[in-house]
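Hi,

Here is the structure I promised to pass on. Have a look at it first, and then read on for what turned up in it.

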Amino acid sequence: MDPLDSAATPDPSYGRLAPVIERSPLPMVEVQGPGHIIRTVNPAFCALLGRAEHDLLGRPFEGIVSGGRKCIEVLDRVYETGEGDTHAEPDGAHPTSAYWLFAMWPALNEQAEPERVVIQMSRASELRPDLVALNEALLVGGLRQHELREAAEKANIELQAEIAARARAEQALQAAHEQLQGNAAKLEQKVAERTAQLVASMADLEAFAYSLAHDLRAPVRAIHGFTGLVLEMPPDQVAPAAAEHLQRVVTAAIRMDSLIQDVLALTRVIRQPAIPARVDVGEMVCALVRERPELAPSRAEIHIEEPLLPVAANGALLSQCLTNLLGNAVKFVAPGASPRIRVRTEAFGRDAAAPGWVRIWIEDEGIGIPPEAHERIFEIFQRLHSSNKYEGSGIGLAIVRKAVERMGGRVGVESALGKGSRFWLELPAA
Ligand code: ADP
């Protein structure tokens, strides 16, 4: 039967400490009563004495140990006082060389009276190697502790060095960041200053170009006027060859005046504020057709696809754009062909955020433009033909692009040689 299960049928010879004693690696024995009857022994105790358990249980303790009565006196004292004690006694079998060591403590009953005594027994000779081993263990433990402390101190120093290095790196980073911010601020200020200087010199240049172009018109007109007067003189006063030369002077003066007017128009487009307002495109196109001789029904067939949608634009700038585009549409036709033009509008959305846009189309059936020139013709002084074939300055489309951009729009063309041209302007819907 398992001693731990004995609660149901208590065995008086089996004490409370029996399970502890049985499991202990040290030699232990439990005795009971004034006769010191052995009640429990453990394997280590049996091994120490070289005897079997059944040979020991139930016998008095004093018959077991070869030694004097002193051990039993200490045992009795433990019973009487209820306090543990230790005792060393020469081994009766080897009195000169060996000692028994006893450690005793009482097992108390519920009234706190000693009921049994537990004895731990060992030979003094066997303690010595244990002490040496203990000393060694203590020494090794001390060394290990020392090593550990040293390692911990080293790790601590390294950690502190790392923390200091990190702090230095952070400081350097902060300094670099501040310097960068300072440089960026300085750079921004410099850019702002330069931009202001540039804007100022651009304005000066534009003002200069405008006054130059404006002032040039007077002498050109004078040349034109006086040459015209000479040509009106009686034929006998002007030699035919001179008249021919003078006629060329008149033609050149007229071309120069038209060039100056185009330059003035361009500088006006650049200088003029582009405040937008609602523009009735249909009305504007009709007015242009009425006012411009080159667009008159006798010279060109212009079909307006009603209704033309209104746009948000600057009236003067848009009028300039339409004049130039319609002018080109009637001009660039094959010799002898009469111009046929269509003007229409369509609404569209560039994207979901800005859906309200209008595209104005000016479509002709003229000579057309090769695809590789579609971009280039919007640059200033870019012409695809000589002045002898088609008159012009090469400024008209540059004016259109500048004006449309100033109104927040875009311009483009779809065309192919001999297939007519479809110019378009994109502007916000009104
Ligand atoms: P200009 O009309 O004074 O020559 P523009 O800047 O208005 O200058 O036009 C640049 C060039 O683009 C023109 O010389 C012409 O070669 C070409 N171009 C413009 N509009 C048309 C058109 N409707 N059809 C064919 N070619 C055109």
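**What I found**

The protein chain has 9 helices and 12 strands; helices (H or I, at least four residues) and strands (E, at least two) are DSSP runs, numbered from the N terminus. Before you go further: this is a predicted model, where local features need pLDDT of at least 70 and side-chain atom pairs count only at pLDDT 80 or more, while totals for chains, interfaces and linings use all residues. Residues are numbered from 1 along each chain as its sequence is written, and side-chain values use heavy atoms, with hydrogens and water left out.

**The chain overall**

Of the 430 residues in the protein chain, 33% are buried. Buried means under 20% relative accessible area, exposed over 50%, and partly exposed in between (1.4 Å probe, protein chains only). The chain exposes about 26,400 Å², and carbon and sulfur atoms supply 58% of that; accessible areas come from the Shrake-Rupley method with a 1.4 Å probe, and for residues only the protein chains shown count as cover. Take the contacts (heavy atoms within 4.5 Å) between residues at least 6 apart in sequence: 57% of them join residues at least 24 apart.

**The ligand**

So where does the ligand sit? Its space is the largest pocket. On a 1 Å grid over the protein atoms alone, a pocket is an open set of points with protein on both sides within 12 Å along at least five of seven lines, and a molecule sits in it if more than half of its atoms lie within 2 Å of its grid points.

There are 20 residues around the ligand, and Asn328, Arg383, Ser393, Gly394 and Leu397 come nearest; a residue is near if one of its heavy atoms lies within 4 Å of the molecule. H8, H9 and E12 each supply at least two residues of this shell.

- Arginine 383 places a polar side-chain atom 2.6 Å from an oxygen atom of the ligand.
- Serine 393 has a polar backbone atom 2.9 Å from a ligand oxygen.
- Glycine 394 has a backbone N or O atom 3.0 Å from an oxygen atom of the ligand.

On its own the ligand has 520 Å² of accessible area, and the protein covers 98% of that.

H9 spans residues 396–406, and its buried residues are Leu397, Ala398, Ile399, Val400, Ala403 and Val404. An α-helix has 3.6 residues a turn, so residues three or four places apart point the same way. What do the buried residues of H9 pack against? Their partners are helix H6 (240–271), helix H8 (315–331), strand E11 (410–415) and strand E12 (421–428). After H9 comes glycine 408, with a positive phi near 80°.

Phenylalanine 332 is in the loop between H8 and strand E9 (340–348). Leaving aside neighbours within four places in sequence, phenylalanine 332 touches Gly366, Ile367, Arg383, His385 and Tyr390.

**Two polar side chains**

Glutamate 426 is part of strand E12. Is glutamate 426 buried or exposed? It counts as buried, because its relative accessibility is 1%. Its side chain makes a polar contact with the side chain of arginine 359 at 3.0 Å. A polar contact is a pair of N or O atoms within 3.5 Å; within protein, one must be able to donate a hydrogen and the other to accept it, and residues adjacent in sequence count only if both atoms are side-chain atoms.

Histidine 374 is in the loop between E10 and H9, and counts as buried because its relative accessibility is 15%. Its side chain reaches the backbone oxygen of isoleucine 369 at 3.1 Å, and that of serine 415 at 3.1 Å.

A cis peptide bond joins glutamate 306 and proline 307, with omega about -10°. Proline 307 is in the loop between strand E7 (301–304) and strand E8 (311–313).

Histidine 36 has a positive phi near 55° without being a glycine, and counts as buried because its relative accessibility is 3%. Phenylalanine 381 also is not a glycine, and its phi is positive, near 65°; at 51% relative accessibility, phenylalanine 381 counts as exposed.

Cheers

Methods
On a 1 Å grid over the protein atoms alone, a cavity is a set of points where a 1.4 Å probe fits but cannot get out, and a pocket is an open set with protein on both sides within 12 Å along at least five of seven lines; lining residues have an atom within 4 Å of a point.
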